[in-house]
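I opened the model and kept notes as I went. The entries follow the order in which I looked things up.

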Amino acid sequence: MELLVASAVGLLTAAGVYLILRRRTFPVILGLSLVTYAVNVFLFATGRLMVNAPPILNKYAEVAYTDPLPQALVLTAIVISFGMTAVVVMIALAAYLSAQDDRIDMLDDDAAKTGEDA
Amino acid sequence: MNHLLIAPILLPAIVAPFIIMVLRYHIDLKRIFSTASTVGIALISLALAIQAADGTVQVYELGNWPAPFGIVLVLDRLSAMMIVLTAVLALAVLLYAIGTGWDARGANFHALFQFQLMGIIGAFLTGDAFNLFVFFEVLLIASYGLMIHAGGARRFQAGVQYVVYNLLGSTLFLFALGTLYAVTGTLNMADLAVRVAELPAEDTALLRVGAMLLLLVFAIKAAVLPLHFWLPASYANAPLPVAALFAIMTKVGAYAILRVYTLVFGPEVEVTAGLAGDWLLPAALITLAVGAIGILGAREIGRLMAFGAISSMGTLLTAVALFTPEAVAAALYYTVHSTLAAALLFLIADMVMERQGGEIAAKPVMAQSGLIAALFFAGAIALAGMPPLSGFIGKLLVMDAARGHDLVWWIWGVILVSSLVTIIGLARAGSLIFWKSHGLSPQTHTVDKGATPPPVQATSSNSALPFVACFGLLAALILLTILAGPMMSYAEATAAQLFAPDAYLETVLERAGK
């Protein structure tokens, strides 16, 4: 299971980074969501992988339990990344509609001026 | 528990939704509530600074959960100083934005402004690493809105870049926090410090990875080379008063580096010893150099100031990277100075841009040219670090603190040469904008093509207010120069507190056993 989760995180991150390095906003946003999925799975795994165990201590017996904190962290991370993705989609849409261009870099006259843009 | 500790976070958190929901269509009421809230934050932070000045560390346990289990807010000298700085800066920027009518060019300036303050102050006050992430997100989300305030194609495009870059930064932050949690099993900073110190030396590969990732994240926020790419385009295309407020945002990154690498991965912790300093110092020096070169090469005034902000971050982080009490004290003094100076210059840049467009070129004489030129002159002196203003004292302190270091000649050389280059760049820009303009006749005036959204008619009703804000910032700089002695002794006490974290650890973890 460890191998499966680890390679899933790696694969998602690799695909995400590849997409983020594209030039149009749409693949970049897709890449961002892939990377956030990767980090969510990664966070989940930081509490050690455990199957069929409740996230609570048992007062009466020594029963295996799973760490509840990463689950709370993942929940926060999911909410934030979800909201952020919505925001970036809106801003990208606004940029596309106002500039009639969905390139992520600003090559038109800016790079000609200073060449400093990322 | 002292409930005043959470007040500077709660106040904007309540005022901002109130402005959105109730005061939607009343710009005057929005302005009144926003200003009142900012003044309130300033007063509260002053009161907190007075409480923290004697060196006590105060803890606020949210929900009354004791420290390693619940989230805590911690007030010490460093966080008190930073929130006072934030409040002063915010007040000046807000007055400027109201005076120029910038706040009326989009719908939600004041609400976003308050959320931004909430995020910044929360980041300074929190004592929990994951909570730091959450407050980073709060301030970033608000900054996305402020960054694209008033719209325009180029601003939206720069906004997309800014958001994407920072989203990646946030993802890295989560990876770093996950790694640290996997190793130590806690995210409370004080608890982290205790557990990191106890960790066996052979078991630290993951921890070092986490510490390095965290440094990377903070370096993105602080715009350290080679992670500075987001800053010039976003600051130059953001509304410039907003860029002035963003002057404190890079300092949040510097603050986080300072906090985490003195408290958690302190200089005496063997497993991560030298990790931050060894990497940060060369990066900071290159940042400083590139900032200076950028100032020399900039052709738009917004971009000029953005590189000014980068080079001042370079100086600041050079001092931080030395990680000695003297250097950190110098860095703190320079933090206050560079925040105020960068904000002042961004506000001046906005005045120039509103009157004659953003390009640095000779144009016909603009309105109030003399006053603006005088302000620019003073601001340039402050930023470049010339006497008599506080930039000189700040740079002198940084260089003095570097005296015993191995790379002292590199540090001195880079600071001095880049100061010279900065002076040349600012002098070139100033003489083109303010002096050469006198030789031109008015009919050659052309509006800057498409680079900025068409200037909306400035509400000239209260046109004195922008100057009040600018001269207020200038007065703060002068005050910082005159009161350099007391300010420095406060900074030294702060640095001493940072390098002796026992009081912090005891106060935060005191009730953990109950």
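**Interface of chains B and A**

I began with polar contacts across the interface of chain B and chain A, and the rule finds three residue pairs, both residues at pLDDT 80 or more. A polar contact here is a pair of N or O atoms within 3.5 Å; within protein, one must be able to donate a hydrogen and the other to accept it, and residues adjacent in sequence count only if both atoms are side-chain atoms. This is a predicted model: local features need pLDDT of at least 70, side-chain atom pairs count only at pLDDT 80 or more, and totals for chains, interfaces and linings use all residues. Residues are numbered from 1 along each chain as its sequence is written, chains are lettered from A and ligands numbered from 1 in the order written, and side-chain values use heavy atoms, without hydrogens and water.

I then looked for salt bridges (a side-chain nitrogen of Lys or Arg within 4 Å of a carboxyl oxygen of Asp or Glu). The count between chain B and chain A is zero.

Which elements of chain B touch chain A with two or more residues? I found helix 5 (129-147), helix 6 (153-184), helix 9 (230-237) and helix 12 (301-322). Helices are DSSP runs (H or I, at least four residues), numbered from the N terminus. Helix 6 of chain B gives the largest share of that side, 19 residues.

Next I took the contacts (heavy atoms within 4.5 Å). In chain B, 36 residues are in contact with 44 residues of chain A. The buried area is about 3,600 Å², with 72% from carbon and sulfur atoms. That area is the accessible area (1.4 Å probe) that two parts lose on being put together, summed over both. B:Q157, B:F175 and B:Y181 lose the most area in chain B, together 18% of what that side buries.

**A:T46**

I found A:T46 in the loop between helix 2 (25-45) and helix 3 (69-99) of chain A.

**B:F115**

I placed B:F115 in helix 4 (residues 109-125) of chain B. At 25% relative accessibility, B:F115 counts as partly exposed. Its contacts beyond four places in sequence are B:A16, B:P17, B:I20, B:V138 and B:A142.

Conventions: Buried means under 20% relative accessible area, exposed over 50%, partly exposed in between (1.4 Å probe, protein chains only).
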